[in-house]
Amino acid sequence: MGAISIVTDLPGPRSRTLGEERRRWVSAGVSAPRHGLFFESAHGARLTDVDGNVFLDLTGGIGCMNAGHSAARVVERATEQLARLQHACIMTGGYEVYVELARKLCAIVPVPGPCKAALFNSGAEAIENAVKIARRATGRAAVLAFDPGFHGRTLLALSLTSKTAYKEGFGPFAPEVYHFPMPEPYRRPRGMTIEAYVERCSEDFHRFLKSTVSPSSLACVVVEPVLGEGGFLVPPVAFLEDVARVCRDHGIVLVADEVQTGFGRTGKMFACEHTGLQPDLVVLAKSLSNGLPLSAVVGRSELLDAVPPGGLGGTFGGNPVACAAALGAIETLEKDGLVARAAALGSQVGSRFDTFVQRFPFVGDARGVGAMRALEIVTDKESRTPDKARTERILDDAARHGVLALSAGLYGNVIRTLMPLVMTDSELGEALDVMQSSLGRVTEAHVP
Ligand SMILES: Cc1ncc(COP(=O)(O)O)c(C=O)c1O
């Protein structure tokens, strides 16, 4: 018997009632869940909604649940901490879990040399602080990010983000923020080899540093080692190496945004480890604390110490319960071998996704690293025109059959996997069978 159990139409009656309440009381600016579901509970890689429907989860709360829903060590450590010391504010009095987590993060990030950490509440907040640290340490103002990157919704983070749907109406944006297009191997000119394409992108990058922003004015370069919201684009290693070389040569702080790629998802603890990229600062959030609000900037001590006391922090940053949850989550990843599990899950998903490219005329590309896998949906393989409408039909059909997944990409035409890494082989097989059937049904419905 499979894991999935769908016992009502979707959304079910209780979800529909709660949806009406939500529309009445919650800002329309907080986007509503696509399938109108309200969840009651979750365990491992299964989500149960308020109508008793059980789903396989390929969303992981947007990549936050790497250690699994209700992971025992996370629940244990967080509840113990909650009962003992809920909050004190690190700026008014110390508590051990903050220091313990900082020490642990410094030990595991792929940054050479002595490290320090500072803790915050969200990915966006950590990004903002990474930029502040880089500016203070270098005395420079300019920041370079990549298009189509995503770094959050607060003003500076949004200024770094490249998607007008998130930005429209919210300007003016922070000044001295520059964007360069990340190479997209799938969309390279037809007939061009990857090597030639990357070479051309690097030439364009160096031209950009002549025409648009001088390396000597750059405080930092912020890069996702695999672009998350941007559509799981995997930057060519040679291009990343070139960016890192420019940073090294010009004293620019290299910031790796590992908010979505971090904590095992790509089959290494951090995605930078696949590329040999050695960032100066690493930004962490999401699966750091398995869903509790917590983020971190970790990196070279002299950078973290370049900011005078009071320059970093906040009331809630590094809350003891969130820190305890993070220690439980990291212990789970390490003791249960979930980083290797991500690689195993990824190779199963990857080979199955490759067959989807062969089989379905509208699946243009399958890509990813480790368990961070994606399918790009296009109108046809020749034109590679993004097909958002079909992507949504696939996701809706999969949800109706018990599998929840998310879209991504500038055009909303990429289907991505962000499952908890505790997903079993049989759960994964079941989820992939559902996805294949959904792709099939969408083909039948729209190909004459
Ligand atoms: C790569 C990346 N950076 C930053 C953020 C922002 O994180 P948060 O939503 O916690 O502010 C996200 C969120 O999706 C992300 O994927």
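A polar contact here is a pair of N or O atoms within 3.5 Å; within protein, one must be able to donate a hydrogen and the other to accept it, and residues adjacent in sequence count only if both atoms are side-chain atoms. With that in hand, look at Ala-124: a polar backbone atom of this residue sits 2.8 Å from an oxygen atom of the ligand.

Before going further, some ground rules. This is a predicted model, where local features need pLDDT of at least 70, side-chain atom pairs count only at pLDDT 80 or more, and totals for chains, interfaces and linings use all residues. Residues are numbered from 1 along each chain as its sequence is written, and side-chain values use heavy atoms, with hydrogens and water left out.

**The ligand site**

| Residue | Protein atom | Distance to a ligand oxygen |
|---|---|---|
| Gly-123 | backbone N or O | 2.8 Å |
| Ala-124 | polar backbone atom | 2.8 Å |
| Lys-286 | side-chain N or O | 3.1 Å |

Taken alone, the ligand exposes 390 Å², and the protein buries 84% of that (areas come from the Shrake-Rupley method with a 1.4 Å probe; for residues, only the protein chains shown count as cover).

Lys-286 belongs to the loop between strand E9 (281-284) and strand E10 (295-300). Helices (H or I, at least four residues) and strands (E, at least two) are DSSP runs, numbered from the N terminus.

You'll find Phe-232 in the loop between strand E7 (218-223) and helix H9 (237-250), and at 0% relative accessibility Phe-232 counts as buried. Buried means under 20% relative accessible area, exposed over 50%, and partly exposed in between (1.4 Å probe, protein chains only).

Then there are the cis peptides. Asp-147 and Pro-148 are joined by one, with omega about 10°, and Pro-148 is in the loop between strand E5 (142-147) and helix H6 (155-160). The bond from Gly-171 to Pro-172 is cis as well, with omega near 0°; here the loop runs between helix H7 (164-167) and strand E6 (177-181).

**Cores**

In soluble globular proteins, nonpolar side chains tend to be buried together. A nonpolar core is a set of buried Ala, Val, Leu, Ile, Met, Phe, Trp, Tyr and Cys residues joined through side-chain atoms within 4.5 Å. The largest one has 63 residues, and Leu-101, Leu-105, Phe-263, Leu-284, Val-363, Leu-375 and Val-403 touch the most other members. Helix H13 (residues 338-359) supplies the largest share of this core, 8 residues. A second, separate core of 29 residues includes Val-198, Val-221, Leu-240 and Cys-247.

**Cysteines**

A disulfide is a pair of cysteine sulfur atoms within 2.5 Å, and a search of the whole structure finds 0 of them. For Cys-64, the nearest cysteine sulfur is that of Cys-323, 16 Å away. Cys-64 is buried, at 15% relative accessibility. Cys-247 is buried at 3%, and its sulfur is too far for a bond because the closest cysteine sulfur, in Cys-220, is 8.7 Å away.

Thr-275 is in helix H10 (residues 272-275) and is buried at 15% relative accessibility. A polar atom of the Thr-275 side chain lies 3.0 Å from the backbone nitrogen of Leu-277. Leaving aside neighbours within four places in sequence, Thr-275 is in contact with Val-237, Leu-240 and Glu-241.

Gly-318, in the loop between helix H11 (301-304) and helix H12 (320-335), is buried at 0% relative accessibility. With neighbours within four places set aside, Gly-318 contacts Tyr-95, Tyr-98, Leu-119, Phe-120, Leu-294 and Cys-323.

Glu-331 is in helix H12 and is partly exposed, with a relative accessible area of 24%. Apart from neighbours within four places in sequence, Glu-331 is in contact with Arg-73, Arg-77 and Asp-336.

Notes. Contact means heavy atoms within 4.5 Å.
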